[in-house]
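Visitor: Could you show me the model, so that we can go through its architecture and its metal site together?

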Amino acid sequence: MAKIIAGVGSSHVPAIGAALDNNRTEEPYWKRVFSGFVKSQEWMEKTKPDVAIVVYNDHASAFSVDLIPTFALGCAAEFPPADEGWGPRPVPVVQGHPALAAHIAQSVILDEFDLTIVNKMEVDHGLTVPLNLLCGKRNPDEKWPFPVIPLAVNVVMYPPPTGHRCYMLGKAIKKAVESFPDDLNVVIFGTGGLSHQISGPRAGLINSKWDKAFLDNLSKDPVKLTKIPHIDYMREAGAEGIEMVMWLIMRGALENKVDEVYRFYTVPASNTAVGHIILENAKRGSARKAKRAPTKVRRAAARTKVDRVRS
Ligand code: DHB
Ligand code: FE
């Protein structure tokens, strides 16, 4: 039986990819960002998943505004890097896992989630940057360490799916993976966020308090997060903060109780608050500990304050 063993949340800032591609990772600005992923790369090497499902959003790279699927599952054998304006990133072509992807599509669609099946797709920074952060720099002639099933979510044009819908889709993906006959250890990524706004009068907005409460609740009380309406993401985390709903797909695909094994948060990278978390399904015994120390959300306190708006 296949199983989802862990979830990874990670921002996917395109400038992080550019820093890697242009060998700027030792500059102090970028070193601060990359230093937060050293332990994560060790964790990934130790964990050695057989497959990763990467929940991300396409930024009008593979899909133009002509066609915007809400949930698009990559079922192809491979996914080349997209040209986002400076040529495709110099990273390996992403190998897919068509058998597991087709199985997930069948199970999830029969579970009444209307996924779009994608048999040809390029992948942009939303997917390749988190892969780099967790697996390190890879040249085009190398390979990513595991096959990847991309799940592209619309968060670029209104209306994106609700956080609750994302969380429930995660649960359907968990069920799908667990009914796949091969013994595969699967890691699921939720990418994007955290707070950021790229344009308009509030460009540069960062709200660390909101981000940290989101990370706390992602571990301890994700159901609370599923009740956050779109307008609150927009108001508190900026227009692009809505990317955070994708982390709820990852969380929904895990057990109710998880162990937070790693967290990193730094501000800024480009326009964005970089958040990162690694959650493993709770081991026997640790669930009690998680129960003893519930985290209180102070959304009311987070509601009005933004701590950085670039003018
Ligand atoms: C930035 C962040 C993103 O998540 C993105 O998709 C594009 C740009 C930024 O920080 O500039
Ligand atoms: Fe983005």
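Predicted model: local features only at pLDDT ≥ 70, side-chain atom pairs only at ≥ 80, totals over all residues.

Guide: Residues are numbered from 1 along each chain as its sequence is written, chains are lettered from A and ligands numbered from 1 in the order in which they are written, and side-chain values use heavy atoms, with hydrogens and water left out.

Visitor: In what order do the 8 strands of the open sheet lie?
Guide: Helices (H or I, at least four residues) and strands (E, at least two) are DSSP runs numbered from the N terminus, and two strands pair if DSSP finds at least two bridges between them. The pairing in this open sheet is mixed, and the order is β6-β3-β7-β2-β8-β1-β10-β9.

Visitor: Which strands stand at the edges, each with a single partner strand?
Guide: A strand with a single partner has one side left without a neighbour in the sheet, and this holds for β6 (116-118) and β9 (258-269).

Visitor: At what angle does helix α10 run to β8?
Guide: Axes are lines fitted to C-alpha atoms, for helices over the stretch in contact (heavy atoms within 4.5 Å), and angles run from 0 to 180 degrees between N-to-C directions. Helix α10 (residues 245-252) lies across β1, β2, β3, β7, β8, β9 and β10. Its angle to β8 is about 160°.

Visitor: Which residues are the protein donors of the iron ion (ligand 2)?
Guide: Donors are N, O and S atoms within 2.8 Å of the metal (3.2 Å for Na, K and Ca), and water is not among the atoms, so sites may look incomplete. The spacing of the donor residues in sequence is H-x46-H-x183-E. Lying 2.0 to 2.2 Å from the iron ion, the protein donors are His12 (NE2), His59 (NE2) and Glu243 (OE).

Visitor: Is Glu243 buried or exposed?
Guide: Buried means under 20% relative accessible area, exposed over 50% and partly exposed in between, with a 1.4 Å probe and protein chains only. His12 has 3% relative accessibility and counts as buried. With a relative accessible area of 4%, Glu243 is buried.

Visitor: How many Å does helix α6 reach from its first C-alpha to its last?
Guide: The expected span of a helix is 1.5 Å times one less than its number of residues. For the 16 residues of α6 (residues 163-178) 22 Å is expected, and close to this value is the reach in the model, 23 Å.

Visitor: Why is the pair of Trp210 and Tyr233 edge-to-face?
Guide: Rings of Phe, Tyr and Trp (its six-membered ring) pair if their centres lie within 6.5 Å, and planes under 30 degrees apart count as stacked, over 60 as edge-to-face and the rest as tilted. Tyr29 and Trp30 form one edge-to-face pair, 4.9 Å centre to centre with 80° between the planes. The rings of Trp210 and Tyr233 have their centres 5.7 Å apart, and the pair is edge-to-face because their planes stand at 80°.

Visitor: Which residues do ring pairs link into a cluster?
Guide: Trp210 and Tyr233 are both buried. The cluster linked by ring pairs consists of Trp210, Phe214, Tyr233 and Trp247.

Visitor: How far apart in space are Ala76 and Ala99, C-alpha to C-alpha?
Guide: Ala76 lies in the loop between β3 and β4 (78-79), and at a relative accessible area of 8% Ala76 is buried. Ala76 and Ala99 are 23 residues apart in sequence, and their C-alpha distance is 9.4 Å.
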